[in-house]
Every structure is written in C-alpha cells, then in structure tokens.
Amino acid sequence: MAKASPKPKCKKCEEKCGKGKASPEILTQLEAGFDKLSNSDSPSMLKRFLTREVLDKLKTKKTSFGSTLLDCIQSGLENLDSGIGIYAADPECYQVFAELFDPIIEEYHNVKKSDKQPSTDWGSPNVFGNLDPKGEFVVSTRVRCCRTLKGYPFNPCMTEENYKDIESQMQAILNDLTGDLSGTYNPLTSMPKDVQQKLIEDHYLFKEGDRFLQSANACRYWPTGRGIFYNQNKSFLIWICEEDHLRIMCMQQGGNVGEVYKRLVTAVNEIQKKISFVTNDRFGYLTFCPTNLGTTIRASVHIKVPRLSKNMDKFKQLADKYHLQIRGAQGEHSDSPDGVYDLSNRRRLGLTEFQCMKEMYDGITEIIKAEKEAK
C-alpha cells in the first residue's frame with residue numbers, strides 16, 4: 001500500500017491556515033453570517049444547531065490543515081434555503097467542530113453518539129441476482145461509493161498542487177487496472193467541449209458545481225485536477241476531485257444487481273491495495289458532505305412504476321418502509337412524467353456495505369411486487 005502523502009500546506013491564505021486561532025477577519029465574517037442566519041427563516045439544520053453557545057465555542061478553532069468553522073458553514077450562511085448547510089473542509093473537522101457536526105449527523109442518519117460504524121464488510125455479491133430478468137421494470141442499475149485520500153483536506157482548503165497531486169497518483173493507479181476494469185483516464189483540462197457535453201448529457205460526467213458547492217469553495221481552480229476514468233463500455237467509472245476526491249461507480253442496463261456490485265467491490269479492493277483512504281471509528285469513510293458517511297454506498301435503480309406512482313402518498317409510504325429514497329430519473333427534485341424513478345438505499349451510516357445493498361435489493365423487490373398489483 002502506498003504511503004500516505006504528507007499534509008500539504010494551504011497556500012491560499014497564510015494568516016488563515018497558519019498555526020493558532022482563526023483570524024479577526026474570519027471571526028467578523030462568522031458573526032455577520034450568524035446574525036444573518038439567526039434572523040432568517042432558513043429551514044437548514046445549520047440554523048437549528050448553530051446556537052450562540054456553539055458558535056462561541058468553535059469560532060476560534062482551526063484544524064491542523066488550517067480549516068475554520070467558516071470553511072465548513074459558508075455555504076449554509078450564503079444559501080439560506082439549504083437543507084443541511086454544512087460541509088467538512090477537511091477530515092479533522094468532524095472532530096474539531098464536533099459540537100456542530102455531531103447533532104446534525106445523529107439526526108440526519110438516525111444514529112446515536114455512542115454508535116460506531118461496523119467494519120467494512122462487502123459480503124458476497126453472488127447473493128444478489130437479477131431484480132427483473134424479463135426487463136419489464138428496471139431500466140438500469142448503479143452502485144457507487146466515495147473515498148478520501150489520506151493526507152489531504154477537502155475542497156475548501158485544497159491547493160492547486162493538491163488537485164494535481166491527487167489526479168497524478170490516481171492516474172498511475174488506474175492505468176494498472178486490468179480486465180473488465182481496464183480503461184482510460186480523461187482529464188477535463190484537455191477534454192474537448194463537445195466530448196465533455198456529450199458525456200454530461202449521457203449522465204456519465206459531472207458538471208461544475210451548483211451554487212451550494214460554489215459557495216462552499218468546492219470549485220476552486222476548476223477544472224485543474226478533475227477528470228473521469230471509464231472502461232470501454234462505461235460500466236465502471238471514477239470521478240476524480242469532483243465533490244469528493246474519488247467517486248467510484250459501476251452501472252449497466254437492466255436489473256442485475258449482483259454483476260454491478262461485484263464489479264464495484266473488485267474495483268475498490270484493487271485501488272485500496274495501492275493507496276490509503278480516510279476512515280473513522282464512528283463515521284466510517286469520511287467525505288466532504290456529512291450526509292454521505294459510513295459506507296458511502298448509494299445503490300440505485302431507474303425503475304418504471306407508472307401505476308404505483310399515480311398515488312405518490314402510497315408510493316412514498318412503501319419506499320419509507322424499506323428505507324428507500326425516491327428521486328426523479330433526471331436527479332434530485334426532478335419530475336418523472338413517464339413514471340420512471342430513481343430509487344436508492346437511504347441509509348449508509350451504521351450498516352455494512354452488504355447490509356446497504358440488501359436493503360436496496362429487498363426494497364426494490366417489494367416495489368416491483370406492488371407495481372404488479374397496482375391498478
């Protein structure tokens with residue numbers, strides 16, 4: 001396994017990322033942002049949990065990477081319509097600013113402070129078969145997970161050199177993959193615009209961040225260090241330095257969950273032989289967003305349920321029963337006039353990887369039964 005890279009020094013702001021406490025400028029911005037948030041009707045969890053007491057306790061603190069409380073909450077302070085309103089500026093933020101992160105994570109993931117994340121357990125992919133052998137309901141299947149490389153902060157405190165270094169390390173590792181995982185790395189810096197647009201339209205490639213990520217400083221030095229790796233038939237892809245350091249994905253048409261999951265497990269295990277990922281006893285694999293912790297597994301299908309979705313209340317009740325999340329086929333908050341929805345496991349923290357997959361698999365099995373019975 002490759003040695004973890006030394007912690008890089010943040011060059012974007014010496015007085016901010018040097019030793020000691022947060023600068024007077026940072027404190028001024030925090031106070032102004034807190035007043036703005038407190039006097040708003042923001043629905044965010046940030047507003048509910050960032051009390052005056054918590055602010056006073058955390059506002060001067062910094063991590064060894066130089067991250068401040070402002071780095072974590074600046075998106076929520078600027079976008080008052082945020083649902084969560086907080087990101088981790090580096091892996092240490094989950095501990096240094098625990099008084100704010102902990103209650104948000106506990107409520108969002110429905111876990112207790114005493115809970116610990118189970119050890120990684122992929123189980124046997126062969127347990128999962130094809131959800132829809134006749135191809136009547138499941139359009140496609142996708143499983144992804146996110147990983148953070150040891151020794152680096154997240155986007156708000158990443159330097160241009162950090163982005164280039166992560167890209168370089170991963171390119172060397174990915175070039176050594178063989179068989180079904182063998183493919184090509186495509187950096188955004190040299191990708192023709194028409195090729196980039198086609199990949200985006202086909203839902204293979206990410207776009208530059210939305211306003212929430214922009215406000216969180218997640219898009220600095222764009223497109224430096226960003227890119228996509230994919231195999232020949234695009235059934236295995238990795239996004240480099242989008243929202244997280246790595247987003248590893250496997251997908252294919254139809255409902256053969258076992259095939260997709262097995263490919264992901266093989267890929268992650270091969271990559272982990274050569275590089276170290278950041279983990280935590282309580283939260284498992286740490287990522288930029290506190291909503292995506294634990295296994296970071298999101299297993300989803302695009303499924304045709306035109307009859308069941310006519311009664312959205314019943315559809316949502318059934319999804320909730322099996323811990324499934326409903327999204328439009330074009331992404332979160334999108335409509336589905338043709339009755340095709342994206343259904344995925346809702347729980348990622350407090351379960352093993354195998355348990356996440358089984359929840360999705362069992363839940364979709366019941367959704368298909370309900371669609372057959374619906375009138």
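Start by selecting Asn-110, which sits in the loop between helix H7 (98-109) and strand S1 (138-147); helices (H or I, at least four residues) and strands (E, at least two) are DSSP runs, numbered from the N terminus. You're looking at a predicted model, so local features need pLDDT of at least 70 and side-chain atom pairs count only at pLDDT 80 or more, while totals for chains, interfaces and linings use all residues. Residues are numbered from 1 along each chain as its sequence is written, and side-chain values use heavy atoms, with hydrogens and water left out.

Back to Asn-110: its phi is near 55 degrees, a positive value in a residue other than glycine. Most residues other than glycine have a negative phi. Is Asn-110 buried or exposed? Asn-110 is exposed, at a relative accessible area of 71%; the cut-offs are under 20% for buried and over 50% for exposed, with partly exposed in between (1.4 Å probe, protein chains only).

Next, colour by domain. The bounds come from an automatic or database domain assignment, giving domain 1 (21-109) and domain 2 (125-373). Their centres, taken over C-alpha atoms, are 27 Å apart.

How much area is buried between domain 1 and domain 2? About 2100 Å², with carbon and sulfur atoms giving 61% of it; that's the accessible area (1.4 Å probe) that two parts lose on being put together, summed over both. On the domain 1 side, pick Tyr-87, Tyr-94 and His-109: they lose the most area to domain 2, together 30% of what that side buries.

Across the interface of domain 1 and domain 2, the rule finds three salt bridges.

Then jump to His-203, in the loop between helix H9 (193-201) and H10. His-203 is another non-glycine residue with a positive phi, near 65 degrees.

Further along, select Trp-222 and Pro-223. What kind of peptide bond joins Trp-222 and Pro-223? A cis one, with omega at about 5 degrees. Most peptide bonds are trans. Pro-223 lies in the loop between helix H10 (211-215) and S3.

Last stop: strand S3 (residues 227-231), where five of five residues are buried. Two strands pair if DSSP finds at least two bridges between them. Strand S2 (residues 183-187) runs antiparallel to S3, joined by five bridges; Thr-184 has Tyr-230 in S3 as its bridge partner. Strand S4 (residues 236-240) is also antiparallel to S3, with four bridges, and there Gly-227 has Ile-240 as its bridge partner. Finish at the hairpin of S3 and S4, which has four residues between the strands; Lys-234 in the turn has a positive phi of about 55 degrees.

Notes:
Salt bridge = Lys/Arg side-chain N within 4 Å of Asp/Glu carboxyl O.
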